[in-house]
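Visitor: I would like to learn how to read a model of this kind, feature by feature. Could you give me the general idea each time and then the case at hand?

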Amino acid sequence: MTLPWLSEALRVSGLPPPESFPRDLASDALLALPVTPVGLRGLTSERVRQWLAQRGRDQEIAYRSMYGCMVAFAGKGILFFDKNEPPNVQRFTLAHELGHFVLDHLQPRRRALDFFGEDIRDVLDQKRSATREESLAAALNGVPIGVQVHLMDRSESGAVATGRVARAEQRADRLALEWLAPTKLAREVLKDGPAEEGEARLERFFGLPAVEAQSYARALRREEGRPRFSIASLLGDEQG
């Protein structure tokens, strides 16, 4: 059974089911969502800041190297990824950042509009400042009304740091994997051959990085053997 939050994110994204694998998610995203994928070589937060500044957008970002970055404002997102990385890493990074756009910008924006009404649109689009009452209500209800920036850090080992920091990262990973390797098909691929080669099959068939394929395989196997309901599964904390 698909997790409720995951089903809702898939619905809100409007992305069609993939027709082939590895999936060209960038093309699908451009057709369905107001996002712009941007590949930069040797991606760092400073390169992102410079790219934005050259286009009239000043945004302070703490310096670090990273695999990807999502900057969202006014209902639109820019998805940065490192063009020096292998195609499978670029693919997952883009999917992860797209996950942040849907989960951390698009859905909260829609919640804000539902909660406050159309009067909040100018605040969301940074055409006016929020009133004290609006800021307080937004904070109390967990509705961000400013610019969102998410960075996909490199771990100390240099691997993609998947789902090890916070639930927001876990959920972005899980949504990314659902777009790139839908659960039902991933389970079939995992079982279609020797068990010890399952991770390699996921990696090859869906074009996933090795670390992501291994993590996904473990999560799918856990799902097969656990009770149908758990608090952790509901929250998505066991995914990715």
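Guide: Let us begin with burial: a residue is called buried under 20% relative accessible area, exposed over 50%, and partly exposed in between, with a 1.4 Å probe and protein chains only. By that rule Trp-51 and Phe-80 are both buried. Please keep in mind that this is a predicted model, in which local features need pLDDT of at least 70 and side-chain atom pairs count only at pLDDT 80 or more, while totals for chains, interfaces and linings use all residues. Residues are numbered from 1 along each chain as its sequence is written, and side-chain values use heavy atoms, with hydrogens and water left out.

Visitor: How many helices and strands does the chain have, and what share of its residues count as buried?

Guide: Helices (H or I, at least four residues) and strands (E, at least two) are DSSP runs, numbered from the N terminus. Here the chain has 11 helices and 4 strands, and 48% of its 240 residues count as buried. Contact means heavy atoms within 4.5 Å, and among contacts between residues at least 6 apart in sequence, 64% join residues at least 24 apart.

Visitor: What should I look for in aromatic rings, and how many aromatic pairs does the structure hold?

Guide: Rings of Phe, Tyr and Trp (its six-membered ring) pair if their centres lie within 6.5 Å; planes under 30 degrees apart count as stacked, over 60 as edge-to-face and the rest as tilted. The structure holds 5 aromatic pairs. In one of them, Phe-21 and Phe-205 have ring centres 5.6 Å apart and planes at 35°, so the pair is tilted. This pair links distant parts of the chain, since Phe-21 belongs to the loop between α1 (4-13) and α2 (25-32) and Phe-205 to helix α9, 184 residues apart. Phe-21 is partly exposed at 24% relative accessibility, and Phe-205 is partly exposed at 37%. Another pair is formed by Trp-51 and Phe-80, whose ring centres are 5.3 Å apart with planes at 85°, so this pair is edge-to-face. Trp-51 lies in helix α3 (residues 45-53) and Phe-80 in strand β3 (residues 76-82), so the pair ties together parts that are 29 residues apart in sequence. Ring pairs also link Phe-21, Phe-205 and Phe-206 into a cluster.

Visitor: Which charged ends sit over the rings of Trp-51 and Phe-73?

Guide: A charge sits over a ring if NZ of Lys or CZ of Arg is within 6 Å of the ring centre and within 35 degrees of the ring normal. The charged end of Arg-55 is placed in this way over the ring of Trp-51, 3.8 Å from its centre, and that of Arg-57 over the ring of Phe-73, 3.8 Å from its centre.

Visitor: Which residues of helix α9 are buried, and why do they lie on the same side?

Guide: In α9 (residues 198-206), the buried residues are Gly-198, Glu-199, Arg-201, Leu-202 and Phe-206. They are on the same side of α9 because they cover an arc of only 160° around the axis, the arc being that of the directions from the helix axis to the C-beta atoms.

Visitor: With which side chain does Glu-178 make a polar contact?

Guide: A polar contact is a pair of N or O atoms within 3.5 Å; within protein, one must be able to donate a hydrogen and the other to accept it, and residues adjacent in sequence count only if both atoms are side-chain atoms. The side chain of Glu-178 makes such a contact with the side chain of Thr-183, at 2.6 Å. Glu-178 lies in helix α7 (residues 167-180) and is buried, with a relative accessible area of 12%. Leaving aside neighbours within four places in sequence, Glu-178 is in contact with Leu-6, Leu-10, Thr-183 and Tyr-216.

Visitor: Which features of the backbone deserve a second look?

Guide: Most residues other than glycine have a negative phi, and most peptide bonds are trans. In this model the peptide bond from Phe-21 to Pro-22 is cis, with omega near -5°. Ala-74, in the loop between β2 (66-73) and β3, has a positive phi near 55° and is partly exposed at 26% relative accessibility. Gln-126, in the loop between α5 (121-124) and α6, has a positive phi near 60°.
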